[in-house]
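Here is a short report on the pockets of one protein model. Look at the sequence and the structure first, then read on.

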Amino acid sequence: MDTYLIVTVLVVVSAVFSFINVRFLKLPGAIGVISIAVVVSIIAIFTGEFFPVMFRSITGLNNNINFSQTMLNTMLGFLLFASALRFNWGELKKQVGAVFILSTVGVVISTFVFGIFFYWLAILVKVDISFIYCLLFGALISPTDPVAVSAVLKKSRMPKHLETIITGESLFNDGIGLILFITILEYIAQSGNDIHPREIAVLFAQEVFGGIILGGTLAYIAYKLMRKVDDFQTLVMVSLALVMGISVLANKLHFSIPLAVVSAGLLIGNLRFGKDPSGKLNDFLEKFWTIIDELMNTILFVMIGLRIVMMPFLTYYWFVCLGAIVIVLIARGLSILVPIVFLRRTLNVNYNNVQILTWAGVRGGISIALALSIPNSKYKEVIEAGCYFIVIFSVVVQGLTLNRITDFFVEKGTKPTAL
């Protein structure tokens, strides 16, 4: 398949799934689309012998899409920029302590808790996987996905300060998660040889600070250009050039694409530009990127759902994958609870918020892309299978029940408790 045909098929399928959801299922957009795609994939797997055309079509589409590269190097930049563009910097500053702690210390805690518990689970169910690969799994599944979080929170009734925390955390926690993932991969590649702290520090600085500086610098240049014009088409073109340029340069320089585009989006989204002091140009630009966000979100979740048809090995790992769902929730909860115990005043959250923040920690395409990027080994299958189970559960189940969880614990938190 050529590129144009692949894009056409994805858009057509996404449009059909979106129509079915809006017309009949009436579920929240991303949840409905991924649910339909999962059902179609499961039907294709079990009826492949009787309806080979559908099975071959879905398989052929997946074979022609490099999900990991498409997600990390192409779609992610647009999706994160769109989310950051609409993010309120003033609200972020109020919750900066919680966002910083959860997106750094929280990810480290979650990685090790998940790795240890998953290793014990694997021993219990007699699945062969080494401890270092359990930590690798923990590193790729611990960061919450900004795209999935944004999709789930759109119609949530979560209190504003908690929504700011979970959204801000999801935008910034990819840096530390990626560093942990790459470091563990390098350790595995070197067959257990020592990795010096200096190498980790250089890698961290290159990925994180390099990404932030690149994104901020290019966004400032783009902002200066935008201030001199009042033409909507030109503003859109400059913003598109900014995102695409950041993605290409960050990839070439081995900087963090997520942190680069998030930095750029926050800067552009919270500044006024153009010769129109009323801010209409900002509003128009925001609406444009909202449309881009909606379209790419739909296509991404269709890709995630249809990808399952490529993973018949899921049938071999049911117990360990279901256990992984429980473990990731435990790890998420502890990664929030431990900082609250020691830094409760700084974080500006209480113990009743732990359950809400835990359930709102949705995983998505980034985790799947990282799982698929793992070099071939005898442990890769179980990690991919567990990752897909967690992502599907978090988007569909956690997404559909988030409002109920929020309402229950918000109401509980307002009631007086006995001393």
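## Lining of the largest pocket

The lining of the largest pocket divides into 22 nonpolar, 14 polar and 4 charged residues. Here Ala, Val, Leu, Ile, Met, Phe, Trp, Tyr, Cys and Pro count as nonpolar, Asp, Glu, Lys and Arg as charged, and the others, Gly among them, as polar. In total, 40 residues line this pocket, and Glu-294, Leu-295, Asn-297, Thr-298 and Ile-299 lie nearest its centre.

The model is predicted: local features need pLDDT of at least 70, side-chain atom pairs count only at pLDDT 80 or more, and totals for chains, interfaces and linings use all residues. Residues are numbered from 1 along each chain as its sequence is written, and side-chain values use heavy atoms, without hydrogens and water.

## Space and helices

The largest pocket holds about 880 Å³ of space. A pocket is an open set of points on a 1 Å grid over the protein atoms alone, where a 1.4 Å probe fits, with protein on both sides within 12 Å along at least five of seven lines; lining residues have an atom within 4 Å of a point. Volume is the space filled by probe spheres set on the points, which are joined across faces, edges and corners.

Helix H1 (3-25) gives the most to this lining, with 10 residues. Helices are DSSP runs (H or I, at least four residues), numbered from the N terminus.

## The second largest pocket

This pocket has a volume of about 590 Å³. Its lining has 27 residues, and Leu-72, Asn-73, Leu-178, Ile-182 and Leu-370 lie nearest the centre. H10 gives the most, with 6 residues. The lining divides into 14 nonpolar, 10 polar and 3 charged residues.

Technical notes:
Helix = DSSP H or I, 4+ residues; strand = E, 2+ residues; numbered from the N terminus.
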